[in-house]
Amino acid sequence: MSETIGVFEVENRVFPPPEHFVGQANADDRSMYTEAEADYEAFWARQARELITWDKDFDTTLEWDLPFAKWFVGGELNITANCLDRHVEAGNGDKIAYLWEGEPGDTKTLTYAELLTEVKKFANVLKGLGLEKGDRVAIYMPMILELPIAMLGCARIGVAHSVIFGGFSADAIVDRCDDAQAKLIITADGGYRKGSASALKPTVDAALASGAPSVENVIVANRCDLNPDMVEGRDIWWHEAMAAASDDCPAEPMDAEQLLYILYTSGTTAKPKGIMHTVGGYLTQVAFTHKYVFDIKPETDIYWCAADIGWVTGHSYIVYGPLANGVTSVMYEGTPDTPDKDRLWDIIERYKVTQLYTAPTAIRMFMKWGVQEPQKHDLSTLRVLGTVGEPINPEAWMWYHEHIGGENTPIVDTWWQTETGGNMITPLPGVTATKPGSACHPIPGVFAELVDDDGNTVTNGGGYLTITKPWPSMLRGIWGDPQRYKDTYWSRFEGRYFAGDGAKLDDDGYLWLLGRVDDVMNISGHRISTAEVESALVDHPTVAEAAVVGSNDDVTGQAIIGYVILRGGNEASVELGNEIREHVGTKLGKIARPKTVIIVPDLPKTRSGKIMRRLLRDVADGRELGDTTTLADPSVVNEIATRAAEGGDED
Ligand code: WTA
């Protein structure tokens with residue numbers, strides 16, 4: 001196995017589903033696994049018919065032209081009718097869809113009927129701007145209710161949304177709008193973060209001043225009264241457009257393979273990939289996993305996924321899955337330590353939250369803040385705890401189990417990706433006996449295998465994680481680049497989807513995810529490619545060459561370390577290191593800003609000129625340096641280690 005997958009420690013504790021949970025769970029035996037193993041297509045066809053309302057039934061469950069899949073062929077549906085209209089028509093219009101909590105403490109609620117009206121109006125706003133089925137729209141918004149309304153407004157009329165996380169830069173907006181040829185950007189003046197209003201609209205203005213000529217209009221929601229500049233003829237206030245819009249917009253049936261959205265994610269090159277998802281298969285799998293993995297009881301549950309909608313977790317488990325299942329969700333605008341470090345626990349107590357879905361990095365941060373914070377609150381309403389985004393270390397799992405779950409709440413560690421659309425490997429809370437740190441098994445209808453470097457199946461021990469059969473919410477490709485889709489995911493091991501992760505299978509058949517085996521870093525559960533950061537580093541006028549690695553970090557999982565060589569005539573200094581760091585923040589967005597930039601005289605390279613990242617990682621982690629004999633100039637490493645020990649430039 002690759003050296004990047006870390007040290008595997010055996011973890012033997014086993015936690016069967018709590019007794020009180022089993023009798024009431026949506027799934028409390030293995031029958032779905034058996035059914036799906038016998039005929040996975042029939043299994044998914046049954047789920048699609050049970051969970052989704054089709055305007056026209058499909059005639060073929062799966063058309064598989066490796067690696068291109070079409071699911072539920074011939075079927076027609078409207079995804080927003082499934083998320084909204086059918087609940088209203090069933091008499092649940094007054095049920096709350098979102099309990100929204102703003103960071104300053106302001107609150108709003110939106111019922112299913114109200115959300116439907118807003119979505120219809122917004123769809124009409126889009127139509128009024130000339131947008132049509134098949135067009136693409138970029139969304140760059142804070143966590144306010146206008147965000148799901150915008151997404152669903154697009155989906156209602158078949159316009160594909162491309163949500164860009166609010167932490168990304170103007171350049172990132174330009175790249176994504178250019179790639180997708182987006183005609184419109186939906187944004188807000190700003191949002192609240194860490195106690196104050198943080199502007200967003202100026203970043204959109206900067207993007208449009210420098211590029212993205214396909215964008216004709218900008219719709220701006222007013223969240224913070226920041227009074228942004230509005231460009232005459234281009235920019236439109238959300239509230240003005242909505243006030244003038246009709247709320248009559250029937251849900252038009254669409255082909256199951258209609259493009260729902262594009263979501264850009266980092267790969268191993270500097271150019272992000274536009275991952276495509278389509279309506280029928282995606283909704284089937286997110287509705288299915290949401291219902292069974294989180295054991296959703298729409299009548300009584302208050303579900304909370306504390307992710308940002310800017311990432312796939314928010315798309316699938318704040319917007320489409322929960323709405324398809326008709327549950328009430330909490331949506332929170334801000335950060336977990338504002339105004340105080342018990343913010344999450346306070347929200348859980350006040351709203352009587354029953355499911356919490358968060359990331360290991362957040363759990364490690366809560367551990368650092370101390371048990372006194374959750375202990376201030378009654379968390380006894382919690383029934384299921386979820387994690388996603390990165391491997392969870394057993395210590396964090398146990399802390400979650402003891403201090404948040406009161407030792408009797410199942411934990412679902414869900415492995416999946418932007419590309420997979422929905423959960424793939426996870427326990428089912430009423431069925432699976434869990435082990436702290438293991439995502440356990442593929443869900444019914446999903447098939448995973450580990451393989452070695454040569455593609456041979458590994459039945460015990462470490463290997464590369466591959467998926468062996470198509471699944472409904474799989475990516476339908478990379479926007480505009482079918483060849484890259486084949487090369488990236490389907491060429492490493494023949495006939496298998498290669499996810500980019502290493503994993504280990506233990507003696508009991510449990511899967512342990514070990515992290516990425518490629519040059520993709522995972523910072524607080526966010527994917528960032530080393531190549532992307534390297535190209536932003538060399539974009540700085542003083543930088544000649546750069547190498548980026550993810551070093552181990554107790555809280556964020558990995559931290560970005562940039563090693564740079566300066567161009568001749570520039571003097572190394574702490575100030576310059578900081579300036580280079582900030583440059584990456586401006587180029588890519590704050591989340592991609594290196595924790596440390598270390599200015600070095602040279603980089604360790606093999607004789608064929610490849611940068612030895614393993615050595616750079618070892619240096620960053622302060623590890624003993626192994627064999628350096630393959631290096632062109634072994635003395636370089638000592639010099640780098642000395643510089644690193646002197647400390648880079650850090651916040
Ligand atoms: C990692 C997030 C271990 C993994 C939904 C994957 C995980 C990448 C887990 C996808 C988990 C996600 N255990 N690793 N439970 N969940 N990952 O596209 O490396 O932002 O390839 O999707 O996160 O990140 P993405």
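Colleague: What should I keep in mind about the numbers?

Modeller: The model is predicted, so local features need pLDDT of at least 70 and side-chain atom pairs count only at pLDDT 80 or more, while totals for chains, interfaces and linings use all residues. Residues are numbered from 1 along each chain as its sequence is written, and side-chain values use heavy atoms, with hydrogens and water left out.

Colleague: Which residues come nearest to the ligand?

Modeller: Of the 17 residues around the ligand (a heavy atom within 4 Å), those are Asp-413, Thr-414, Thr-418, Asp-501 and Arg-516.

Colleague: And what lies 2.5 Å from an oxygen atom of the ligand?

Modeller: That is an N or O atom in the side chain of Thr-418, a polar contact in the sense of a pair of N or O atoms within 3.5 Å; a side-chain N or O atom of Arg-527 is 2.8 Å from an oxygen atom of the ligand.

Colleague: How much of the ligand's accessible area does the protein cover?

Modeller: The protein covers 97% of the 530 Å² that the ligand has on its own, by the Shrake-Rupley method with a 1.4 Å probe.

Colleague: Changing topic, why is strand E23 largely enclosed?

Modeller: Six of the seven residues of E23 (residues 461-467) are buried, so the rest of the structure largely encloses this strand; buried means under 20% relative accessible area, with a 1.4 Å probe and protein chains only, and strands are DSSP runs of at least two residues, numbered from the N terminus.

Colleague: Which residue in E23 is the bridge partner of Glu-449?

Modeller: Thr-466 is that partner, and strand E21 (residues 448-451) pairs with E23 in the antiparallel sense over four bridges, where pairing requires at least two DSSP bridges.

Notes: A polar contact is a pair of N or O atoms within 3.5 Å; within protein, one must be able to donate a hydrogen and the other to accept it, and residues adjacent in sequence count only if both atoms are side-chain atoms. Buried means under 20% relative accessible area, exposed over 50%, partly exposed in between (1.4 Å probe, protein chains only).
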